[in-house]
Amino acid sequence: ARVTEIRDIQVINGWYFGADSRCPARVRMTESGANVTCELVGPFFNSRGEMVEQNRPFVSGVVEVGPEFPRLEAAAPGAPVFTWFPFMYPEDFEIKHGQPFRTLTKVDFIHGGGRAILKARPRDELIGGRSGGGMLTSAAILDGALVACGAWGYAMLDRYLEIPDSIARYR
């Protein structure tokens, strides 16, 4: 069986910890027919640093498996409406992106939508060697797509930044 889709991804609770600290986490997986329900859980601390909950759920989602991948057709993006603008990751922002995750390179934003160019390191360098069976999109590319959506919202919605709290489907 192969992973054919990840769906119903939902951020349940925010997870706060310092940039210089480590916070252990684990994934709980429950099989349900051809699907696997997953939860990212970890300890939750109050403002005094006291553990309040050992296994607080932070993110959940469903992994679907099947005999083969669905065939997806991607349309070519075409030329930008105006021109491609370079995207610069802010160095002093609350969300830090290390060099491997800085995949968003250019944007073309208009009201009602936009386009982005993502460029990542070779797949094998980002996700390791794979046999070809399974989902092969690196987390860095997915993160770049989310950064593009967040940057579009910031530019078009009165400088308001929001990180998506859910993803309906990822194939």
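Leu40 has Val59, in strand 4, as its bridge partner. Strands here are DSSP runs of E with at least two residues, and helices are DSSP runs of H or I with at least four residues, both numbered from the N terminus. The model is a predicted one, in which local features need pLDDT of at least 70 and side-chain atom pairs count only at pLDDT 80 or more, while totals for chains, interfaces and linings use all residues. Residues are numbered from 1 along each chain as its sequence is written, and side-chain values use heavy atoms, with hydrogens and water left out.

Strand 3 and strand 4 (residues 51-66) pair in the antiparallel sense over ten bridges; two strands count as paired if DSSP finds at least two bridges between them. Val41 is bridged to Pro57 in strand 4. The hairpin of strand 3 and strand 4 has five residues between the strands, and Gly49 in that hairpin takes a positive phi near 85°.

Strand 3 (residues 35-45) also pairs with strand 2 (residues 26-32), in the antiparallel sense and over seven bridges. Arg28 has Glu39 of strand 3 as its bridge partner. In this hairpin two residues lie between the strands, and Gly33 has a positive phi near 65°.

Five strands make up an open antiparallel sheet in the order 2-3-4-1-8. Strand 2 and strand 8 (166-170) are at the edges with a single partner strand each, so one side of each has no neighbour in the sheet. On average, neighbouring strands of this sheet are turned by 25° against each other, direction ignored.

Strand 6 and strand 7 are joined by six bridges in the antiparallel sense, and Lys106 stands opposite Ile117 in strand 7.

Val107 belongs to strand 6 (residues 104-110). Val107 is buried, with a relative accessible area of 7%; buried means under 20% relative accessible area, with a 1.4 Å probe and protein chains only. Leaving aside neighbours within four places in sequence, Val107 contacts Thr83, Trp84, Phe85, Phe87, Arg115 and Ala116, a contact being heavy atoms within 4.5 Å. The C-alpha atoms of Val107 and Trp152 are separated by 8.7 Å, the two residues being 45 residues apart along the chain.

Asp108 is also found in strand 6. Asp108 is buried yet has no salt bridge, and the nearest side chain of opposite charge, Arg115, is 4.0 Å away. A salt bridge is a side-chain nitrogen of Lys or Arg within 4 Å of a carboxyl oxygen of Asp or Glu; for charge, Lys and Arg count as positive and Asp and Glu as negative, while His and the chain ends are not counted. The side chain of Asp108 reaches the backbone nitrogen of Val81 at 2.8 Å. Beyond its neighbours within four places in sequence, Asp108 has contacts that include Pro80, Val81, Phe82, Gly114 and Arg115.

Methods: Buried < 20%, exposed > 50% of the residue type's maximum accessible area, 1.4 Å probe, protein only. Polar contact = N/O pair within 3.5 Å; in protein donor to acceptor, adjacent residues only side chain to side chain. Axes fitted to C-alpha atoms, helices over the stretch in contact; angles between N-to-C directions.
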